[in-house]
Amino acid sequence: MAGKRSKSYQKARIKLQKLYERAHRMQDDAMHKYTTHLVKEYDAICIEDLDVKGMLMSHVASKGVHRALFGRFRSYLEYKCKSAGVKLVIANRFYPSTQRCAACGNIKKDDELAIKSMAPSTMNMCATTKNARTMARL
């Protein structure tokens with residue numbers, strides 16, 4: 001009895017599979033367009049080497065990380081950069097980019113709560129005030 005399904009169930013299943021396939025193709029198209037844009041626009045691209053496997057083990061963010069398709073993004077970027085001659089830099093996941101001051105290079109080790117909350121914080125040596133994400137981009 002478990003193998004036998006109604007015709008309406010089979011139709012609904014096929015319809016759902018087609019919708020999933022369409023969504024997959026749309027994601028793939030958007031990913032290709034974005035990575036192509038990046039490769040055409042920049043001479044060098046830097047991305048962070050993320051611990052995607054570890055992020056998937058976290059029940060809080062696993063679904064969002066899985067949907068973000070980081071692995072596919074990186075592989076597309078790698079082969080497109082290679083074919084276009086664009087330099088792709090993979091930053092170490094343990095590099096303290098959000099704690100390093102872009103102005104003086106000093107690494108901030110205390111006050112981890114300000115770094116985690118991305119609140120504007122003052123670097124120790126040069127008194128530059130920016131939030132951690134802005135500092136990581138510089």
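Let's start with the side of helix 4 that faces away from its buried side: it carries Lys82 and Ser83, and both are exposed. Exposed here is over 50% relative accessible area, buried is under 20%, and partly exposed is in between, with a 1.4 Å probe and protein chains only. When I say helix or strand, I'm talking about DSSP runs, numbered from the N terminus: H or I with at least four residues for helices, E with at least two for strands.

Quick housekeeping before we go on. What you see is a predicted model, where local features need pLDDT of at least 70 and side-chain atom pairs count only at pLDDT 80 or more, while totals for chains, interfaces and linings use all residues. Residues are numbered from 1 along each chain as its sequence is written, and side-chain values use heavy atoms, with hydrogens and water left out.

Okay, back to helix 4. Which of its residues are buried? They're Phe73, Tyr76, Leu77, Lys80 and Cys81. These cover an arc of only 125° around the axis, so they sit on the same side of helix 4. That arc is taken from the directions from the helix axis to the C-beta atoms. And what lies over those buried residues? The cover includes helix 1, strand 1 and strand 2 (87-91).

How about the span of helix 4? The expected span of a helix is 1.5 Å times one less than its number of residues. With 15 residues, helix 4 should span 21 Å, and its end C-alpha atoms are 21 Å apart, so the two agree. Just after helix 4 comes Gly85, with a positive phi of about 75°.

Now the core. A nonpolar core is a set of buried Ala, Val, Leu, Ile, Met, Phe, Trp, Tyr and Cys residues, joined through side-chain atoms within 4.5 Å. The largest one here has eleven residues, including Met31, Ile47, Leu69, Phe73 and Val86. Helix 1, strand 1 (44-48) and helix 4 (70-84) each give two or more residues to this core, and helix 4 gives the most, with four. Take Cys81 as one of the core residues. Leaving out residues up to four places away in sequence, Cys81 touches Val39, Ile45, Val86 and Leu88. Contact, by the way, means heavy atoms within 4.5 Å.

On to helix 1. It has 35 residues and reaches 51 Å from its first C-alpha to its last, close to the 51 Å expected. Its buried residues are Met31, Thr35, Leu38 and Val39. Is Thr35 buried or exposed? Its relative accessible area is 0%, so Thr35 is buried. A polar atom of the Thr35 side chain lies 2.9 Å from the backbone oxygen of Met31. For a polar contact, we need a pair of N or O atoms within 3.5 Å; within protein, one must be able to donate a hydrogen and the other to accept it, and residues adjacent in sequence count only if both atoms are side-chain atoms. Setting aside neighbours within four places in sequence, Thr35 is in contact with Phe73, Tyr76, Leu77 and Lys80.

In the segment before helix 1 you'll find Ser6. Ser6 counts as partly exposed, at 40% relative accessibility, and its side chain reaches the backbone nitrogen of Tyr9 at 3.2 Å.

Zooming out, the chain has six helices and four strands, in the order α-β-α-α-α-β-α-β-β-α along the sequence. Of its 138 residues, 17% are buried. Among contacts with a separation of 6 or more, 55% are between residues 24 or more positions apart.

Finally, how confident is the predictor? That's pLDDT, its confidence in each residue, from 0 to 100. The chain averages 77, and 66% of the residues score at least 70.

Key. pLDDT is the predictor's confidence in each residue, from 0 to 100.
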